[in-house]
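Please view the sequence and the model together before reading on.

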Amino acid sequence: MVKRRIIQFASALLYNINLVGFARGTIYTGRTKGLCVPGLNCHSCPGAIAACPLGSFQTALGDIRTKLPLYIMGILVLFGVLLGRAICAFLCPFGLVQDLLNKIPSPKLRKSKVTRWLSLSKYAILIIFVIFLPLYFMWINGISEPAFCKYLCPMGTLQAGIPLVLANESLRAITGVLFQWRLIWLGIIIIASVFVFRPFCRFLCPLGAIYSLFNKYALFGIKVNEEHCTGCHACTRSCKLDAQKINDRECIRCGDCRPACKHKAIVYRKKGSKNEK
Amino acid sequence: MKRKIISYTLLTLAVLLIIVGIVQNGYLDTMQRATVICLECIGIG
């Protein structure tokens, strides 16, 4: 857990190392912005030194009449097949934000069949807000609109909208209803994160939905050693997410289930080894 | 074994997509878009 937290903080800092941008109210414009980070990290954040894969994918859909967004698709598949949803546990700054908020003492909503069902809603958001709406607006207006970034991304408000509006007077002057909606939406997610473990990751995040498609085949994962496993399900009972078995679509490979296994059957290991469940 | 084959096939596909994407200027397009403030992303546009 401590190691994971260190990795989460280190990756969040590394993604946003252009700290001077926060003071200036401007964004980084170097060549590394052509690369994508694996987690949800807005490239309009003053500190961001690389692009957000989801934001880049949506904006790239605007050019789909002339070229397919193969570069971004390749990056998403690469991250997915290497790490799967381990990215959510280790390399996503908004995952870290939610983890910390959930540490605030309060009654917690436990997982159930309802939350397992609700976890499917992120696939609807992926299809509607990330793929369909940008393409629809491009077809209607000739200009694509990154609908997820515009209406639903809390990270854009938290790490880009708020710092830029605070530091940049010209941007502050043109804020309107959309910015107010974004603040309300961020507030809802922050409050929900106190009472529900990682609500955005579980129910809303389209990037997590993409990575979950590769979770079963990701090269880095958690291995259950069949020789030691007694099938007691202590691991899945201890899981705060909606995973029904290790490495399923909702498993973020955080490893928090490992201490729950008395038989030490759960280990981090490269895929493809023997006796793997 | 089947999972391993799928994993490495996907890995190869990802590398090919990235290479073809770079040839199509995908890297430069991404950089150009990410180096201007996305007003939609920050809740203004």
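## Surface and dimensions of chain B

Chain B has an accessible surface of about 2,500 Å², and carbon and sulfur atoms account for 72% of that area. The C-alpha trace of chain B spans about 50 × 25 × 10 Å along its principal axes.

This is a predicted model, in which local features need pLDDT of at least 70 and side-chain atom pairs count only at pLDDT 80 or more, while totals for chains, interfaces and linings use all residues. Residues are numbered from 1 along each chain as its sequence is written, chains are lettered from A and ligands numbered from 1 in the order in which they are written, and side-chain values use heavy atoms, with hydrogens and water left out.

Chain B contains 3 helices and 0 strands, and its elements follow the order α-α-α from the N terminus. Helices (H or I, at least four residues) and strands (E, at least two) are DSSP runs, numbered from the N terminus.

Of the 45 residues in chain B, 42% count as buried. Buried means under 20% relative accessible area, exposed over 50%, and partly exposed in between (1.4 Å probe, protein chains only).

## Cysteines

The structure holds 1 disulfide over all chains, a disulfide being a pair of cysteine sulfur atoms within 2.5 Å. It is formed by C38(B) and C41(B), whose sulfur atoms lie 2.3 Å apart. The link of C38(B) and C41(B) is right-handed, with 75° about the S-S bond. C38(B) is buried at a relative accessible area of 10%, and C41(B) is likewise buried at 3%.

In chain A, C201(A) is buried, with a relative accessible area of 6%. The closest cysteine sulfur to that of C201(A) belongs to C88(A) and is 5.9 Å away, too far for a bond. For C254(A), the closest cysteine sulfur is in C239(A), at 6.3 Å, which is also too far for a bond.

## A patch of positive charge

K216(A), K245(A), K2(B) and R3(B) gather on the surface in a patch of positive charge. Such patches are made of residues with over 30% relative accessible area and no salt bridge, like charges being joined within 9 Å. A salt bridge is a side-chain nitrogen of Lys or Arg within 4 Å of a carboxyl oxygen of Asp or Glu.

K245(A) lies in the loop between α15 (234-238) and β2 (266-270) of chain A. K245(A) is exposed, with a relative accessible area of 56%.

Note on methods: Patch = residues over 30% accessible without salt bridge, like charges linked within 9 Å, V, L, I, M, F, W, Y side chains within 5 Å. Areas by Shrake-Rupley, 256 points an atom, 1.4 Å probe, with all protein chains shown as cover. Lys, Arg positive; Asp, Glu negative; His and termini not counted. Charge placed at Lys NZ, Arg CZ, Asp CG, Glu CD.
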